Each structure stands twice: as structure tokens, then as C-alpha cells.
Amino acid sequence: QVQLVESGGGSVQPGGSLRLSCAASGRTFNSLHMGWFRQAPGKERECVTAISRNGVNTYVADSVKGRFTISRDDAGNTVYLQMNSLKPEDTAVYSCAADAKYYEHIYYTGVGEYDYWGQGTQVTVSS
């Protein structure tokens with residue numbers, strides 16, 4: 001079993017920044033593919049960004065490209081989501097997800113491709 005604990009959410013004004021952290025335990029971190037998802041009220045959960053387990057390849061959704069960055073610290077068993085130039089439409093519950101798959105260079109963006117999920121952290125962007 002993999003346990004994921006997110007932190008770093010909160011309220012911020014438009015144009016501001018936040019950094020979310022997701023600490024993983026229960027499995028060797030470099031065996032895990034990681035992703036950040038968000039779900040706004042009334043909307044489906046969507047993948048914001050994802051990273052392959054070797055850290056080489058990343059995916060960033062068009063809606064956040066140029067503003068959000070995913071990174072991983074295998075020594076610290078943590079994946080980060082740096083969010084800059086935040087907009088009101090970024091308001092959502094953000095969750096990290098993990099799964100162990102064979103191909104180390106591939107990232108995964110589907111909700112069904114992850115077995116392990118954090119509890120989520122609220123991000124609110126409002127003036």
C-alpha cells in the first residue's frame with residue numbers, strides 16, 4: 001500500500017503562487033509514477049500534470065502550461081506542484097496520485113491509471 005499526504009493548499013489572490021507537496025510512503029518512491037489532478041465543483045477530475053517514474057518525462061495540461069510545474073525528489077519521497085500566475089479558474093481540490101508501472105519513461109494522465117490517491121487539498125484563487 002502507498003500512502004500519500006498532500007500539503008500546501010490555501011487561498012491566494014489572482015496572479016499569486018502556491019507550491020503543493022505530496023509525501024509518499026509505503027513503497028520505494030522511484031518505483032512510482034506520479035500525477036496531480038484537480039476537481040472543481042460540478043466538474044470531472046482532470047489531470048493537471050504528471051511525471052514518469054524516472055523523472056525524465058512530464059505532462060502538463062494546456063490549461064496550465066507555462067504556469068504549473070511538476071517535480072519530484074526521490075530522496076525525499078516527495079512530488080511537488082509549483083503553481084504560478086494562478087487564476088480563479090484554477091480553484092479546485094488538488095490531489096496527488098501514484099501507481100507503479102513497468103515503463104519508467106512513461107507518464108500517465110488517466111484517473112483509472114492510478115491506484116493510490118491522497119486526500120486532496122483545497123486551492124482557492126480569489127480577490
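**Figure 1. Salt bridges around Arg 38 in the predicted model.** A search of the whole structure finds 5 salt bridges. The structure shown is a predicted model. Four residues, Arg 38, Glu 46, Arg 67 and Asp 90, are linked in a network of salt bridges. Glu 46 is partly exposed, with a relative accessibility of 34%, whereas Arg 38 is buried at 6% relative accessible area.

**Figure 2. Asp 90 and its two arginine partners, Arg 38 and Arg 67.** The side chains of Asp 90 and Arg 38 form a salt bridge of 2.9 Å, N to O. Arg 67 is buried, as is Asp 90.

**Figure 3. The disulfide of Cys 22 and Cys 96.** The model has 1 disulfide. The sulfur atoms of Cys 22 and Cys 96 are 2.0 Å apart. The link is right-handed, with 50° about the S-S bond. Cys 22 belongs to strand S3 (residues 18-25) and Cys 96 to strand S9 (residues 92-99), so that distant parts of the chain, 74 residues apart, are linked. Both cysteines, Cys 22 and Cys 96, are buried. Cys 47 is in no disulfide, and the nearest cysteine sulfur, that of Cys 96, is 12 Å away. Cys 47 is buried, with a relative accessible area of 9%.

**Figure 4. The open sheet of S1, S3, S8 and S7.** This sheet has 4 strands in the order S1-S3-S8-S7, paired antiparallel. Strand S1 (3-7) and S7 stand at the edges; each has a single partner strand, so one side of each is left without a neighbour in the sheet. From one strand to the next, the twist averages 15°. Strands of a sheet pair through backbone hydrogen bonds.

**Figure 5. Strand S3 and its partners S1 and S8.** S3 and S8 run antiparallel and are joined by 6 bridges. Across this pairing, Cys 22 has Val 79 in S8 as its bridge partner, and Leu 20 has Leu 81 in S8. S1 and S3 also pair in the antiparallel sense, over 5 bridges. Gln 3 stands opposite Ser 25 in S3.

**Figure 6. Positive phi at Asn 77 and Ser 85.** Most residues other than glycine have a negative phi. Asn 77 is not a glycine, yet has a positive phi of about 55°. Its place is in the loop between strand S7 (68-73) and strand S8 (78-83). Asn 77 is partly exposed, with a relative accessible area of 31%. Ser 85, which is not a glycine either, has a positive phi of about 50°. Ser 85 is found in the loop between S8 and S9. With a relative accessible area of 41%, Ser 85 is partly exposed.

Terms used
Residues numbered from 1 in each chain as written. Predicted model: local features only at pLDDT ≥ 70, side-chain atom pairs only at ≥ 80, totals over all residues. Heavy atoms only, no water. Disulfide = S-S within 2.5 Å. Helix = DSSP H or I, 4+ residues; strand = E, 2+ residues; numbered from the N terminus. Buried < 20%, exposed > 50% of the residue type's maximum accessible area, 1.4 Å probe, protein only. Pairing = 2+ DSSP bridges. Axes fitted to C-alpha atoms, helices over the stretch in contact; angles between N-to-C directions.
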